[in-house]
Every structure is written in C-alpha cells, then in structure tokens.
Amino acid sequence: MSRHRQALMIWIAVLPTLTVLQLALGGLLEAVPPYLRPPIIATLMVPMMVYVLMPLLQRIDARLTKRAGNR
C-alpha cells in the first residue's frame, strides 16, 4: 500500500472519530482544563483507531483493490 493511500485511510478514520468524540464528550470535558482535553481524547481515540477502524478500513481497501484488479 502506498503512503498516500495509507495517509488517506488514516485521515478517513481520524476525522469522523475525532468529531464524534468531541461532540459526545464536549459537555463532560468542559470542566477539564484545556491542556488536558487532547490527551484524554487521544487516549480514547488511539485504541479505537488501531484495533477497530484501521483493520476495518484495511479490509475494505483489500476488497476494493482485489475487485479493481479483476477488471
């Protein structure tokens, strides 16, 4: 997989995940100092990315690549 394709997959996973976490936790994190919010979000987001989203996107990419190769 090319670096460009990998970067696109990461971006596709990060942007919606970050948006959803910020919307879901926005009210809860208001009481937390601003400098602690990014580490909290990252602590939740990184495992989701590594164990759920990236494997899913890699499987989708493999299917699309295989399908494109069959044409």
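Student: Which residues does Leu57 touch, and what makes them contacts?
Tutor: Leu57 touches Met9, Ile12 and Ala13, leaving aside residues up to four places away in sequence. Contact means heavy atoms within 4.5 Å. This is a predicted model, where local features need pLDDT of at least 70, side-chain atom pairs count only at pLDDT 80 or more, and totals for chains, interfaces and linings use all residues. Residues are numbered from 1 along each chain as its sequence is written, and side-chain values use heavy atoms, with hydrogens and water left out.

Student: Why is Asp61 called buried?
Tutor: Buried means under 20% relative accessible area, with a 1.4 Å probe and protein chains only (exposed is over 50%, partly exposed in between). Asp61 has 12% relative accessibility, so Asp61 counts as buried. Asp61 is found in helix α2 and touches Met1, Arg5 and Met9, not counting residues up to four places away in sequence.

Student: And why does Thr17 count as buried?
Tutor: Thr17 has 8% relative accessibility, so the label is buried here too. Thr17 has its place in helix α1, and its contacts, not counting residues up to four places away in sequence, are Met45, Met48, Met49 and Leu53. Helices here are DSSP runs (H or I, at least four residues), numbered from the N terminus.

Student: How do the axes of α1 and α2 meet?
Tutor: The axes of α1 (residues 3-29) and α2 (residues 37-69) come within 8 Å and cross at roughly 140°. Axes are lines fitted to C-alpha atoms over the stretch in contact, and angles run from 0 to 180 degrees between N-to-C directions.

Definitions and conventions:
Helix = DSSP H or I, 4+ residues; strand = E, 2+ residues; numbered from the N terminus.
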